[in-house]
Amino acid sequence: MPKVSQNLRQNQLFMAGLIAIALFIGGGLVNASFLSPANIGSILAMAVLLGFAAAGQTLVVIAGGEGIDLSVGAVMSLGAVLAAQTMAGQNSNIAPALVLVILAGATIGLFNAAGILYARVPPLVMTMAMANVVTTIQLIYTHGSPVGMPAPIIAFLGSRRLFPFLPWLVVLGLIMIILMQFILRRTVYGQQVYAIGSNYNAAYLAGVRAATVKGIAYILSGILSSLAGFWLIAYNNFVFVNMGAAYVLPSVAAVVIGGTSLAGGEGSYTGTVLGSVILTALASLLVVLHTDEAGRQIINGLVLILLLALYTRQPAIRQ
């Protein structure tokens with residue numbers, strides 16, 4: 001029995017699930033409306049947006065080499081701006097908008113990959129610098145006041161619900177989980193991402209084109225972040241410059257809380273989604289407690305430090 005308990009404690013997904021449930025129960029005890037279908041649906045919808053933002057982050061962290069992508073927020077913002085201006089409220093413009101958003105994200109990811117792999121710039125520095133470049137480009141392109149709006153179909157999927165507790169965004173989030181898990185667990189590329197994250201040199205000597213695999217991870221991160229901006233505009237139904245900035249650090253925190261090793265080679269997108277639910281439920285609980293903005297920031301930061309310290313003490317994470 002003690003052995004079973006120890007195994008359960010070491011299971012990051014199990015811990016994340018327990019914390020998420022505890023937050024919902026705690027919120028329900030403070031205010032019964034916290035557990036209403038409408039509120040649960042809102043929390044899950046916002047968690048899906050964070051999960052979208054953290055999808056690429058999951059790939060680059062698992063790929064190892066101190067992998068991190070701090071350009072996630074800026075790329076999200078650019079994706080939202082491009083999507084809103086291209087769609088301009090017309091369903092006929094959805095396809096061109098998607099193509100433009102994907103190309104923009106892929107281009108930024110390619111620059112990140114080139115800087116990290118060939119110029120040997122540390123990922124943290126490279127992606128932070130790229131975030132500044134992308135933000136500046138947005139300001140120049142939009143003159144600080146972007147225009148446009150999502151197409152009606154996209155706005156419907158981003159803001160309406162199949163059931164009170166089940167927004168359409170959550171359905172899209174479930175599809176995203178299946179796709180990400182398939183890529184990571186069922187494809188050769190996914191296995192190679194884990195391999196280079198566990199031991200880059202060993203993977204290279206085994207015939208894995210390690211640099212290419214890592215470069216693709218950053219390109220995919222750019223694409224997924226840009227698409228996250230596409231759905232962010234669908235949820236909000238309006239656009240402003242740098243609207244994805246708030247997702248940068250939470251995207252990293254969601255990945256770590258979900259059990260992905262910062263050393264690379266371990267983790268799952270399912271865990272990242274659970275981490276997203278935890279962070280979103282915590283933020284919602286602080287609102288229910290009528291905590292002012294300063295208090296929310298302080299408590300949120302302290303709880304994040306506690307959770308990250310707890311998780312990074314786990315042997316599975318530190319290896």
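**Before you start**

The model is a predicted one, so local features are described where pLDDT is at least 70, side-chain atom pairs count only at pLDDT 80 or more, and totals for chains, interfaces and linings use all residues. Residues are numbered from 1 along each chain as its sequence is written, and side-chain values use heavy atoms, with hydrogens and water left out.

**Stop 1: colour by confidence**

Begin by colouring the protein by pLDDT, the predictor's confidence in each residue, from 0 to 100. The protein has a mean pLDDT of 87, and 92% of its residues reach 70 or more. Now select residues 94-117, which form helix 5: here confidence is highest, at 95. Then select residues 315-318, helix 15, where confidence is lowest, at a mean of 45. Helices here are DSSP runs of H or I with at least four residues, strands are runs of E with at least two, and both are numbered from the N terminus.

**Stop 2: a buried valine**

Select Val 72, which lies in helix 4. Is Val 72 buried or exposed? Val 72 is buried, because its relative accessible area is 0%. (Buried means under 20% relative accessible area, exposed over 50%, and partly exposed in between, using a 1.4 Å probe and protein chains only.)

Which residues does Val 72 touch, not counting those up to four places away in sequence? Show Ala 53, Gln 57, Ser 221, Ser 225 and Ser 251, and you have its contacts on that count. Contact means heavy atoms within 4.5 Å. Next, draw a distance from the C-alpha of Val 72 to the C-alpha of Ala 54: the two are 18 residues apart in sequence and 8.1 Å apart in space.

**Stop 3: a leucine in a strand**

Move to Leu 166, in strand 2 (residues 166-167). With a relative accessible area of 18%, Leu 166 is buried. Leaving out residues up to four places away in sequence, Leu 166 touches Arg 161 and Val 171.

**Stop 4: aromatic pairs**

How many aromatic pairs does a search of the whole structure find? The search finds five. Rings of Phe, Tyr and Trp (its six-membered ring) pair if their centres lie within 6.5 Å; planes under 30 degrees apart count as stacked, over 60 as edge-to-face, and the rest as tilted.

One of these pairs is Phe 156 with Trp 168: the ring centres are 6.4 Å apart and the planes are at 45°, so the pair is tilted. This pair links distant parts of the chain, with Phe 156 in helix 7 (residues 152-159) and Trp 168 in helix 8 (residues 168-186), twelve residues apart. Phe 156 is partly exposed at 38%, and Trp 168 is partly exposed at 24%.

Another pair to select is Phe 238 and Phe 240, which is stacked, with 5.9 Å centre to centre and 25° between the planes. Phe 238 counts as partly exposed at 46% relative accessibility, and Phe 240 is partly exposed at 37%.

**Stop 5: two loop residues with positive phi**

Go to the loop between helix 3 (37-62) and helix 4 (72-87) and pick out Glu 66. What is its phi? Glu 66 has a positive phi of about 55°, although it is not a glycine. Glu 66 is exposed, with a relative accessible area of 66%.

Now visit the loop between helix 11 (210-236) and helix 12 (248-257), where you will find Asn 242. Asn 242 is also not a glycine, and its phi is positive, near 65°. Asn 242 is partly exposed, with a relative accessible area of 32%.

**Stop 6: a nonpolar patch**

Finish with the surface shown. Select Ile 298, Ile 299, Leu 302 and Ile 305, which make a nonpolar surface patch of about 400 Å². Accessible areas come from the Shrake-Rupley method with a 1.4 Å probe, and for residues only the protein chains shown count as cover.

Leu 302 counts as exposed because its relative accessibility is 56%.

Key:
Patch = residues over 30% accessible without salt bridge, like charges linked within 9 Å, V, L, I, M, F, W, Y side chains within 5 Å. Salt bridge = Lys/Arg side-chain N within 4 Å of Asp/Glu carboxyl O.
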